[in-house]
Amino acid sequence: MLFRSILEELYQEVAPARAGVVSEIPLRFTEANGEVKDYAAYATYFREGILIVVAQQDGNANELLKLLGRRDMVIRTLLSKRLPVLTDMAVLVADLQESVKICSELPPDEYFELVNKIWATAGDIFRKYYGTYGKHVGDGMVYYFFPQPDSNYVMNAVVCAQEIKSAMARLSKEWQLRKNWVNELYLNTGLNEGQEWLGTFQTATSVEFVVLGETINQTARLSEMARFGQVWATKNFMSKLPPEHRDRVDFGIERVGANGQRMLVQSSYSRVSNVVDVESGRYAKLQDIAGLAVTEIRNIKG
């Protein structure tokens with residue numbers, strides 16, 4: 001999964017390799033039966049690292065060299081060999097709050113500059129926690145987190161969401177000073193976990209990761225429910241955290257006390273319909289997840 005994530009990032013960010021950047025090193029191996037065979041190691045260079053392929057020397061060598069000289073073909077071919085696949089995953093969906101209002105207040109060049117800055121800021125954090133970019137309509141973002149050999153993929157999604165929340169607060173202050181406005185920039189976030197089919201939609205020039213199933217749909221709805229940079233997660237998502245990781249997460253539901261004051265009930269959950277009014281207004285589209293148990297992730301301890 002990590003290898004696929006790295007390849008996807010290469011495809012998104014690296015320009016096509018120039019001709020002549022493939023190196024060839026001849027190799028000779030003696031097999032168990034004593035037969036000697038000639039091989040060659042081919043290395044093609046990317047900014048992020050080196051891809052090495054070892055192949056037996058035969059008439060197909062020229063075709064292999066041609067393939068390695070086209071980094072877009074390399075990545076599409078490798079992905080197509082492994083997908084679609086049924087896999088466990090955590091899903092993060094984030095949407096820019098009041099994006100239409102912000103767009104109307106900024107000149108087009110500044111709006112695109114802002115959105116690109118948000119993507120660049122968040123992108124660095126997603127890569128840090130092995131997030132894989134997924135298909136999303138509009139100026140929001142979808143990322144998938146797959147099981148990793150050296151970290152918990154669900155916790156990766158939690159910490160990633162919190163770091164993005166902090167980064168957005170800093171970016172918001174920068175633009176308030178720059179534009180002398182009172183707008184706050186928020187990425188409203190939903191988190192979920194499930195086992196779904198992961199595949200790709202491929203064109204001649206691009207590869208987009210796509211997940212089929214209810215996990216992504218529920219996550220998108222949670223991001224629509226969130227306000228002012230909130231991070232909402234399903235009870236199922238939280239249950240997949242090992243106890244030692246869950247103990248580090250500050251989460252719960254705000255309740256109205258007897259005196260009318262709102263108070264946070266730590267480590268608790270609630271149905272969506274008990275958090276917002278799904279019968280009217282902007283939350284009416286949440287009726288399909290009205291019975292879903294959720295919680296708000298507030299912070300990470302330690």
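This is a predicted model: local features need pLDDT of at least 70, side-chain atom pairs count only at pLDDT 80 or more; totals for chains, interfaces and linings use all residues.
Just after helix α5, Tyr130 takes a positive phi of about 65°. Helix α5 covers residues 108-128, 21 residues in total. From its first C-alpha to its last it reaches 31 Å, close to the 30 Å expected at 1.5 Å a residue. Quite a few of its side chains are tucked away: Glu110, Tyr111, Leu114, Val115, Ile118, Ala122, Gly123, Ile125 and Phe126 are buried. The cover over these buried residues of α5 includes the strands β4, β5, β6 and β7 (187-202), along with the helices α4 and α6 (153-179).

Stepping back for a moment, the protein has ten helices and 13 strands. There are 302 residues, and buried ones make up 45% of them. Taking contacts between residues at least 6 apart in sequence, 63% join residues at least 24 apart.

Tyr144 turns up in both pairings: it is the bridge partner of Val91, and Thr132 stands opposite it.

Another helix, α7, runs over residues 214-225. At 1.5 Å a residue, its twelve residues should span 16 Å, and the end C-alpha atoms are 17 Å apart, which agrees. The buried residues of α7 are Thr215, Ile216, Thr219, Leu222, Ser223 and Met225.

Charged side chains come next, with a count of twelve salt bridges. One of them is found in helix α4 (residues 99-105), where Lys101 and Glu105 sit four residues apart and so are separated by about one helical turn. Their side chains meet in a salt bridge, at 2.9 Å from N to O. Lys101 counts as partly exposed, at 35% relative accessibility. Glu105 counts as partly exposed too, at 39%.

A second example is the salt bridge between Glu254 and Arg298, whose closest N and O atoms are 3.6 Å apart. Glu254 lies in strand β10 (residues 249-256) and Arg298 in strand β13 (residues 293-300), so this pair ties together parts that are 44 residues apart in sequence. Glu254 counts as partly exposed, at 35% relative accessibility, and Arg298 is partly exposed as well, with a relative accessible area of 28%. Arg298 also forms a salt bridge with Glu296, the closest N and O atoms there being 3.5 Å apart. Glu296, at 10% relative accessibility, counts as buried, because buried means under 20%. Put together, salt bridges that share partners join Glu254, Arg262, Glu296 and Arg298 into one network.

Phe29 is partly exposed, with a relative accessible area of 39%. Along with Ile52 and Val54, Phe29 makes a nonpolar surface patch of about 290 Å². Glu31 belongs to the loop between β1 (22-30) and β2 (36-45). Glu31 is partly exposed too, with a relative accessible area of 28%. Leaving aside neighbours within four places in sequence, Glu31 is in contact with Lys37 and Tyr39.

Technical notes:
Residues are numbered from 1 along each chain as its sequence is written. Side-chain values use heavy atoms; hydrogens and water are left out. Two strands pair if DSSP finds at least two bridges between them. Helices (H or I, at least four residues) and strands (E, at least two) are DSSP runs, numbered from the N terminus. Buried means under 20% relative accessible area, exposed over 50%, partly exposed in between (1.4 Å probe, protein chains only). Contact means heavy atoms within 4.5 Å. Patches are made of residues with over 30% relative accessible area and no salt bridge: like charges are joined within 9 Å, nonpolar side chains (Val, Leu, Ile, Met, Phe, Trp, Tyr) within 5 Å. Accessible areas come from the Shrake-Rupley method with a 1.4 Å probe; for residues, only the protein chains shown count as cover. A salt bridge is a side-chain nitrogen of Lys or Arg within 4 Å of a carboxyl oxygen of Asp or Glu. The expected span of a helix is 1.5 Å times one less than its number of residues.
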